[in-house]
Amino acid sequence: MVIKGLSRDSMVEVIGKDIVINIENIKTRFHNTSDLKIREMKFGWIDTDLAVVYIEGIVDPVMLEESVINRIAEADKAVKGKNLIEYLTKKILTTPSVEIVKDLNKFTDSLLNGNAVVIVDGFSEGISVNVTKWKERSLEESLGERSLKGIVIGFTERASTNISVLRSIVKTANLCIMEQSFGTESKTSVYLLYIEGTVDKGILKEVQKRMKDFSVKYMIEGFVLEKQLAGKPHTLFPMSQSTERPDVVASQLFEGRVALIVDGSPKVITAPALFMDFLTSSDEYYSNYGRFSIRLIRLLSFISSIFLPGVYVALDHVDKNRISKKAYEILITKDEFIPTFWEVFILFILLRIILDTSVRLPKGISMTISFIGSILIGQTAVEAKLVHPVSILVVGITVILSMVLGNKGLSGAIITLRTTSIFIGHFFGIIGLIVMGTSLFIYMTSLKSIGVPYLSPYIPLRIKELKDSLYRGDIKTLINSQHSYPEE
């Protein structure tokens, strides 16, 4: 029978001693699903009933047969007077991970995690045996964050694989891994990684605090956890960084930050994330190319991708007197059917549709869609005098500039701010855009990522940390330096 008792967290259903009732309870819990398999056996000197329960498809059948079923079948039956559970755990089952479970909640979790569970008639506990074999892809190149130099492989969807990859890079006994499960309906394992003695204690404590308050029904991807780490109120800018590259995560760990691996997600979350982090790329640390200029160029690209279309719209509507008549006739003419404001706005929408379509359709069709879209938006629209050629040029340059940092998580902020600048430029002109830029700067100075100022090390100014900000300092100095973060 099933005995119910209250625990601190929820109702606990204790495993009864009758194996028939236990099997029925398990079948009921899984709604008699067809992939729930039960292998009934006899064991011991009095042929005690025994059952091996597992979910087909997520266990290794060879390991299950050789390390569990065959071991039980071939075991010596002369175990009179011995505790069968203890005997099976210590003498018979040969898998690396064996655990005794005493309630149906843990029993269920073990099955869902790919373990097999052994139950014995007359005993109110079972044995969870690790025979997991999840289907997963092999290690491949990181397609979203390609680099000319450095580590090629990227993370996969399996947390255990990602941890082993990081272990191969961060070869220190101080690497600590803490596991926690989230989800009331479907549990997902999340692993918190940090290097003891290197991690900032304040950051670690704050991350643990925010994870403690995290509650969801299910979690398929890590984005919802990123929003939890950001705290409230939510911001335009990402307060954590997700990456597919093991070398990026390893570097962040050695800098005193923490990493979060969500089982099922090919991206690893690192925190805190500062604005300067989004201006960097991993291949900068493998060569001297662009160490003084590339991040500054990315910063200018970020600013231009936000304000360039707003300035162009402002020159047509509010600030036309700020430029000469000749320049106005070259940049903005009145021969087009659509006003400049609507030209820019509609062109951005059309480009967004083409980009989304190109990404989601099969490769052959996406190339055709891109080709047709470029003809319609470019040559045909200009010849029909629907839009001005400079409008297409401004929109095209802006989209290219936004892609410089888009894959790093800033695309959402860029699109929102860019749309805002178009409206402000149309109604309030250049002066309005200056006010917007000032307000944006003040807003960014008020942001904190896990308690660390978002614009650090410039605001507040931390001279020792400037060696890896808008320029990249000497690699040896960076490796041997101890990073620190300002208190909240």
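**Contacts, cores and backbone features of the predicted model**

Leaving aside neighbours within four places in sequence, Phe 107 is in contact with Ile 15, Ile 26, Val 53, Val 101, Val 117 and Ile 119. The model is a predicted one. Phe 107 is also among the residues with the most contacts inside the largest nonpolar core, together with Val 52 and Ile 72. That core has 39 residues. The elements that give two or more residues to it include helix 1, helix 2 (61-74), helix 3 (84-92) and helix 4. Strand 3 (36-43), strand 4 (48-55), strand 6 (115-120) and strand 7 (126-130) are also on that list. Strand 4 gives the most, with 6 residues. A second core is separate and has 25 residues. Phe 275, Ile 306, Leu 405 and Leu 417 are included in this second core. In soluble globular proteins, nonpolar side chains tend to be buried together.

Helix 1 (residues 19-29) and helix 4 (residues 104-112) were examined as a pair. Their axes come within 11 Å and cross at roughly 60 degrees. The two helices are therefore oblique to each other. The crossing is right-handed. From helix 1, the contact is made by Asn 25, Ile 26 and Arg 29. From helix 4, Leu 104, Asn 105, Phe 107, Thr 108 and Leu 111 take part. These contact residues divide into 4 nonpolar, 3 polar and 1 charged.

At the level of the whole chain, the secondary structure comes to 14 helices and 14 strands. The chain has 488 residues, and buried residues make up 46% of them. Among contacts between residues at least 6 apart in sequence, 65% join residues at least 24 apart.

Not counting residues up to four places away in sequence, Arg 418 touches Ser 305, Ile 306, Pro 309, Phe 348, Thr 398 and Ser 402. One of these, Ile 306, is included in the second core. At 21% relative accessibility, Asp 283 counts as partly exposed. Leaving aside neighbours within four places in sequence, Asp 283 is in contact with Ser 147, Leu 148 and Lys 149. The C-alpha atoms of Asp 283 and Gly 150 are separated by 6.3 Å, although these residues are 133 residues apart along the chain.

Several backbone features lie in loops. A cis peptide bond joins Ala 271 and Pro 272, with omega about -5 degrees. Another cis peptide bond joins Ile 459 and Pro 460, and omega is about -5 degrees. Pro 460 lies in the loop between strand 14 (452-453) and helix 14 (475-480).

Positive phi values in residues other than glycine occur at His 31 and Ile 450. Phi of His 31 is near 55 degrees. His 31 lies in the loop between helix 1 and strand 3. With a relative accessible area of 68%, His 31 is exposed. Phi of Ile 450 is near 50 degrees. Ile 450 is found in the loop between strand 13 (448-449) and strand 14. At 4% relative accessibility, Ile 450 counts as buried.

Conventions
Residues numbered from 1 in each chain as written. Predicted model: local features only at pLDDT ≥ 70, side-chain atom pairs only at ≥ 80, totals over all residues. Heavy atoms only, no water. Axes fitted to C-alpha atoms, helices over the stretch in contact; angles between N-to-C directions. Helix = DSSP H or I, 4+ residues; strand = E, 2+ residues; numbered from the N terminus. Parallel < 35°, antiparallel > 145°, perpendicular 65-115°, else oblique. Left-handed = near helix turned anticlockwise from the far one by under 90°. Contact = heavy atoms within 4.5 Å. Nonpolar A, V, L, I, M, F, W, Y, C, P; charged D, E, K, R; others polar. Core = buried A, V, L, I, M, F, W, Y, C linked by side-chain atoms within 4.5 Å. Buried < 20%, exposed > 50% of the residue type's maximum accessible area, 1.4 Å probe, protein only.
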